[in-house]
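This report describes selected features of one protein model. Please examine the sequence and the structure shown here before reading on.

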Amino acid sequence: MPRLFCHEHPEVLIVETRVVDARPGAVVLEQSPFYPGGGGQLPDRGQLRGSHGALRVIGIEVTDGRVWHLLDEPIELAGAAEAAVDAAFRAMMAELHTDAHVLNALVFRHFQGALVTGAQLNADGTARVDFDLPTADNDRLRAHEPEINDVIRQDLPVRHAYVAAADARADRGLLRSRSVTPPPDADGAIRVVEIVGLDRQACGGTHLTSTAGSRAVRILKIDNKGRHNRRIKIGLTGESPR
Ligand SMILES: [Zn+2]
C-alpha cells in the first residue's frame, strides 16, 4: 500500500486536488487528506468543494486500493475540487486513538503482555479495546484509570517511524494485536507509533503529537466477552486531567 497523505502530512487538512474517477455519489481524488478508516478508527469526515458547491463526505470505501469518498448527494463529479477534512472530528479521533494506545500500553505492561483482540473508536467520544485477558480481575483493571490520566498529564511526545516488516515481527510487543497487522507500505515497512518513554506499537491510525493534547479519560465499563476477551470502554471527559 502506498503511504497515506494523512500520515506524511497529518497537519494538512485541506488539499486542492481533482477528481480522477467518479460514479454517482462517490469520487476518487488525485490526492486526499482523508484518513480512510481502519484499525478500529473511523474514516475522516469533511467536505468536497468545487463548481458543484460544497458536498459532505460521509464515508470512505477502499476497493482494490482505491479510496472512494462517499458523498451526501448522488452527483457524478469531475474536475478540480478542494477536499477538506472535518478538523474537530479528526482531532477527537486522534485524541481517542492516542488514549487507546495509553490504555493498551498499561495493560500490556501490567498484565503479562496481554494482546489486543479488537478495538473501535466511536464518534461520541468513547472507545472500546478488547484484550485477551482470561484471568484478570476487573477491579484491578479499573484501578489503572489514574495512571492513564497521569500519562496524559506527563505530556509525552508521540512520534512515528517505519520499520522493516521482518524486524517488526522480531520485536516482541511491537505487533500488539492478536489478529490484525497493519499492511506494509510499498517498501515493505510497517508504521510504528511511539509514545516516548511508554510504548511502541505498529499502527496505521492518526494520533496526537503529545499526550497532553487529550482531555482526561474515564474507564466507563469493563465487560467479559467470552472466556478470553475483556472489553474495556473508555470515554473522554470535558476536563483536562488533574
Ligand atoms: Zn494507533
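Leaving aside its neighbours within four places in sequence, with which residues is G40 in contact?

## A buried glycine in a loop

The structure is a predicted model. Within it, G40 is in contact with A119, Q120 and L121, its neighbours within four places in sequence being left aside. G40 itself belongs to the loop that lies between β2 (26–29) and β3 (46–50).

The relative accessibility of G40 is 15%, and buried means under 20%, so this residue counts as buried. G40 is also 9.1 Å from R128, C-alpha to C-alpha, although 88 residues separate the two in sequence.

## The contact of α2 with α4

Helix α2 (residues 87–110) and helix α4 (residues 145–154) have axes that come within 10 Å and cross at roughly 125°. Because of that angle, α2 is oblique to α4. The crossing of the two helices is right-handed.

On the α2 side, the contact is made by D99, V102, L103, L106 and H110; on the α4 side, by E147, I148, V151 and I152.

## The nonpolar cores

The largest nonpolar core contains 35 residues, and V107 and I232 have the most contacts inside it. Two or more residues each come from α2, β7 (116–121), β8 (126–132), α4, β10 (189–195), β12 (217–225) and β13 (229–236). The greatest contribution is that of α2, which gives ten residues.

Around V107, with neighbours within four places in sequence left aside, the residues in contact are A114, F131, L133, L141 and I232.

Most residues other than glycine have a negative phi. Two residues of the model are considered here against that background.

D64, which is not a glycine, has a positive phi of about 50°. D64 is placed in the loop between β4 (53–63) and β5 (66–71). Its relative accessibility is 76%, and D64 therefore counts as exposed.

Q112 is likewise not a glycine and has a positive phi of about 50°. Q112 occurs in the loop between α2 and β7. With a relative accessible area of 71%, Q112 is exposed.

Definitions and conventions. Residues numbered from 1 in each chain as written. Predicted model: local features only at pLDDT ≥ 70, side-chain atom pairs only at ≥ 80, totals over all residues. Heavy atoms only, no water. Axes fitted to C-alpha atoms, helices over the stretch in contact; angles between N-to-C directions. Helix = DSSP H or I, 4+ residues; strand = E, 2+ residues; numbered from the N terminus. Parallel < 35°, antiparallel > 145°, perpendicular 65-115°, else oblique. Left-handed = near helix turned anticlockwise from the far one by under 90°. Contact = heavy atoms within 4.5 Å. Core = buried A, V, L, I, M, F, W, Y, C linked by side-chain atoms within 4.5 Å. Buried < 20%, exposed > 50% of the residue type's maximum accessible area, 1.4 Å probe, protein only.
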